[in-house]
Amino acid sequence: NLIENSIYWITEKVCKEKEISIFIKIENGTIDYIDYKDSGPGIEKNLTDDQTIFEPGFSTKPGGTGLGLSIAGEAAERCGMDLSAIGSEDGAYFRLQNKG
């Protein structure tokens, strides 16, 4: 879902760079967190502050169902991780954090 959303927003909005980056932090042989960033228009600060974007039915994409990020968050939870949006001035920024 993150990749699909990034591709949509990077191509929909005028972006100088069209880039997706993934950084994986491993500690003691276990994933500590995964940072996911894109160079799109980003997410409004109020939506990252209260994590509204993970609520079922919420979408800023025209015609979006608002289920993608909600399902992604639930899938992360089932795997013992938290998915959160982080405020960024340079596109969308998500972190998948190991709870353990």
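Among the contacts in the chain (heavy atoms within 4.5 Å) that are made between residues at least 6 apart in sequence, 48% join residues at least 24 apart. The model is a predicted one, in which local features need pLDDT of at least 70 and side-chain atom pairs count only at pLDDT 80 or more, whereas totals for chains, interfaces and linings use all residues. Residues are numbered from 1 along each chain as its sequence is written, and side-chain values use heavy atoms, with hydrogens and water left out.

The chain has three helices and four strands, and along the sequence these follow the pattern α-β-β-α-α-β-β; helices (H or I, at least four residues) and strands (E, at least two) are DSSP runs, numbered from the N terminus. The radius of gyration, taken over C-alpha atoms, is compared with a globule rule of 2.2 Å times the number of residues to the power 0.38. For 100 residues a compact globule would have a value near 13 Å, and the chain, with 14 Å, agrees with this. Taken along the principal axes, the box filled by the C-alpha atoms is roughly 40 × 30 × 20 Å.

Of the 100 residues, 30% count as buried, where buried means under 20% relative accessible area, exposed over 50%, and partly exposed in between (1.4 Å probe, protein chains only). In soluble globular proteins, nonpolar side chains tend to be buried together.

Leaving aside residues up to four places away in sequence, F54 touches L69, S70, L83, S84, A85 and F94. The C-alpha atoms of F54 and A72 are separated by 8.4 Å, although these residues are 18 apart along the chain.

One of the partners of F54, S70, is placed in helix α3 and is buried, with a relative accessible area of 6%. Beyond its neighbours within four places in sequence, S70 is in contact with F54, E55 and P56.
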